[in-house]
Amino acid sequence: MLQEDGIMSVKGVGEKAVEKYQKIDIETVGDLLEHYPRDYDEVRPIREIRTIKEGELVAIEANMVSRPQMKLKGSLKILTTVMTDHSGKMLDVTWFNMPFLKNQLHMGTVYILRGRVAKKRDRLVMEQPKIYTKQEFYNIVGKLRPIYPLTKGLTNNAIIKSMEIALKESEDILEYLPKDIRTRNNLIGYKKAVKDIHFPKQKEDLREARRRLVFDELFLYILALKHIKQSAIQKKSTHLIKRDPEVEEFKNALPFDLTNAQDKAYDEIMKDMASGNVMSRLVQGDVGSGKTIVALLCLYEVVKNGYQGALMVPTEVLASQHVKTFQGMLGDRLVVDQLTGAMTAKEKKTVKERLKAGEIDIIIGTHALLQEDVEFSDLGMVVTDEQHRFGVRQRETFFKKGEEPHVLAMSATPIPRTLALILYGDMDLTVIDEKPANRLPVKNALVGTNYRENAYVFMQKRINDGEQCYVICPMVDESEDSDLENVTIYAEELRTIMPPAIRIEALHGRMKPKQKDEIMEKFAAHEIDILVSTTVIEVGIDVPNATTMLIENAERFGLATLHQLRGRIGRGSAQSYCIFMMGVTTQESKERLQVLERSNDGFYVASEDLKNRGQGDLFGTLQSGEKVFTLADIYEDASILEAAAEEAKKYSLEKLFSEQKDLTNVKRSFQGVENQNIRLMKKISQYMGDVTL
């Protein structure tokens, strides 16, 4: 079996399964092998009930001592019972929306249950546990079991079985990284890394496998950047942008003054665009630092000089919101329109025709702007918002849509300067490090789960005052092994606790884009009071009326992600509040989260995140949104990033592929090496498009 063989070549994968695999972008055996676990479940031995604490994920072997009772709370079906073990201690057990269990569970029978323990009304409750036979449990105890990203109809067990076969039978998982690089950086072999990332025997195996594969991602990314930079001589620009008095008049009439940092960024961008060379600049600014108004002013300048401007954002809701903001501020001075995937074919066609004819001055859109049939009359400037979610490839595609337009990238991710210079090595860097004067700093509270009822009362007060709230849970239930808060169940429970007049909706990454956008639009329009969500709102919409955020299981997130989430509030003139609730309270997690409690400065949080992560949290929560990297995390893997950058100084893509040919030996077929090269080319093309060496 070769990596370029179709997924159906894996024993047990039929036509129906192929369709499901395709939904998660798995077409070949190689794609399957690169479908890495999103988490790992470490199954520990059975515990006595008397030793269990709130927040723990545990297994018990206990006798059912009460008949299972079913009750309804709204549309939520709740099945409850009580268990006791030989220690004599009792434990409440609850299942949600699993009514069929009522007839399958029997009083007086001993069961092995495994689930997360919460505290409800001063009693410990094991929620949504999985039931095991003795044989099932003892087959998995003590092992690290992979948990994969799934789609409907494709189970975790099915992927595990397919992965085991693919690893055993693939003939061309070959080493491609030169020995000198592996030796200097103490990296394990590629084949062992692929095997151990899926089925590690112990945590150290997993750590070393991940370190090797992360190094590969970052090394190839930096080589791709280097290739682009070296192959593109400083290009002369046909778009000389000079300051226009009308824009200055517009700027002076704004209801607020730009901060010194905003003014500096504006000046640097305008100098670049007037220099005679093509601008390629990254503006990095914390959430709420006012990057958008700087982009608007620069796009206005471009249009007044006779050209068109484009702004690309990660989500359709954000695109729509930016269009409303731009149109509201610019009035009839300019023609601003949008292009997104959700528009009808007729709407798209009309916008594309007007864009090509030069009837639109500024177009705002999502990835739809990258389609081949999108043409401009004369594109002078491209702005990409949340740069880290697009990568080099998309930026280059956009760049080719005009006669070498100026490129401005914006990011709210507070990356330390040393790392930003590596990640955006082909761009100049500007930092906006001030907040607008009218923004009140968010008030932060770090609490345990015993504060939850108080938090709900506080949220009700905010809603009664006409404000809105977010509740963030780590992830939706993506597999049969999920042990964290499930947003859909959480929302149902919250509806039974809050007054009926409070409007509550759930939002998560497994929803279809249109459904997600509809919910976010309803929240923006104040048709929802509490939005229960996963991290899909991390790069969301600007809802100034949302003033309160409760983050469940805050200890499961990186500090930088928590700070990005917190950035969804504090965007209006009212005081905002962020409640970080710890599910499992340890001194280490408390000290780490206190960084957020004492500071709203993203760059300070980012630097502390780097210090605190150390060897990295191998079992952290997978972040939302599109990612340039599959495994690498710029905070967790800062030291690997620096090492990869150092090695990239000695290599080029041409040299890497030249040495790859030299790695062949008698045991390796030519086809195997060629397949390995194809896989490498695919990885590199994620960053820089079609590769020509």
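The side chains of glutamate 647 and lysine 650 meet in a salt bridge with an N to O distance of 3.5 Å, a salt bridge being a side-chain nitrogen of Lys or Arg within 4 Å of a carboxyl oxygen of Asp or Glu. Glutamate 647 counts as buried at 3% relative accessibility, whereas lysine 650, at 39%, counts as partly exposed; here buried means under 20% relative accessible area, exposed means over 50%, and partly exposed lies in between, for a 1.4 Å probe and protein chains only. The structure is a predicted model, in which local features need pLDDT of at least 70 and side-chain atom pairs count only at pLDDT 80 or more, while totals for chains, interfaces and linings use all residues. Residues are numbered from 1 along each chain as its sequence is written, and side-chain values use heavy atoms, with hydrogens and water left out.

In total, the structure holds 37 salt bridges. One of these joins the side chains of arginine 212 and glutamate 175 at 2.9 Å, N to O. Arginine 212 lies in helix 7 (residues 203-231) and glutamate 175 in the loop between helix 4 (156-169) and helix 5 (179-184), so this pair ties together parts that are 37 residues apart in sequence; helices (H or I, at least four residues) and strands (E, at least two) are DSSP runs, numbered from the N terminus. Arginine 212 counts as buried at 0% relative accessibility, and glutamate 175 counts as buried at 11%. Another salt bridge, with an N to O distance of 2.8 Å, is formed by the side chains of arginine 210 and aspartate 637. Because arginine 210 lies in helix 7 and aspartate 637 in the loop between helix 20 (602-613) and helix 21 (638-648), the pair ties together parts that are 427 residues apart in sequence. Arginine 210 and aspartate 637 are both buried.

Aromatic contacts were examined next. The structure holds nine aromatic pairs, where rings of Phe, Tyr and Trp (its six-membered ring) pair if their centres lie within 6.5 Å, and where planes under 30 degrees apart count as stacked, over 60 as edge-to-face and the rest as tilted. The ring centres of tyrosine 176 and tyrosine 190 are 5.9 Å apart and their planes stand at 75 degrees, so this pair is edge-to-face. Tyrosine 176 is placed in the loop between helix 4 and helix 5 and tyrosine 190 in helix 6, so that the pair ties together parts that are 14 residues apart in sequence; both tyrosine 176 and tyrosine 190 are buried. A tilted pair is formed by tyrosine 470 and phenylalanine 523, at 4.9 Å centre to centre and with 50 degrees between the planes. This pair links distant parts of the chain, with tyrosine 470 in strand 17 (residues 468-472) and phenylalanine 523 in helix 17 (residues 513-524), 53 residues apart. Tyrosine 470 is buried, with a relative accessible area of 2%, as is phenylalanine 523, with a relative accessible area of 1%.

Arginine 243 lies over the face of tyrosine 266, at 4.8 Å from the ring centre, and arginine 462 lies over the face of phenylalanine 458, at 5.0 Å from the ring centre. Tyr266 is also among the residues touched by leucine 297, together with Val247, Phe250, Lys251 and Leu258, when residues up to four places away in sequence are not counted and contact means heavy atoms within 4.5 Å. Leucine 297 lies in helix 10 (residues 291-304) and counts as buried at 0% relative accessibility. Leucine 297 and glutamate 248 are 49 residues apart in sequence and 8.9 Å apart in space, C-alpha to C-alpha.

For helix 4, the 14 residues should span 20 Å at 1.5 Å a residue, and the end C-alpha atoms are 20 Å apart, which agrees; the expected span is 1.5 Å times one less than the number of residues. Asn156, Ile159, Ile160, Ser162, Met163, Ala166 and Leu167 are buried in helix 4, and what covers the buried residues of this helix includes helix 1 (15-23), helix 2 (29-33), strand 8 (144-147) and helix 6 (190-198).

Key. Lys NZ or Arg CZ within 6 Å of the ring centre and 35° of its normal.
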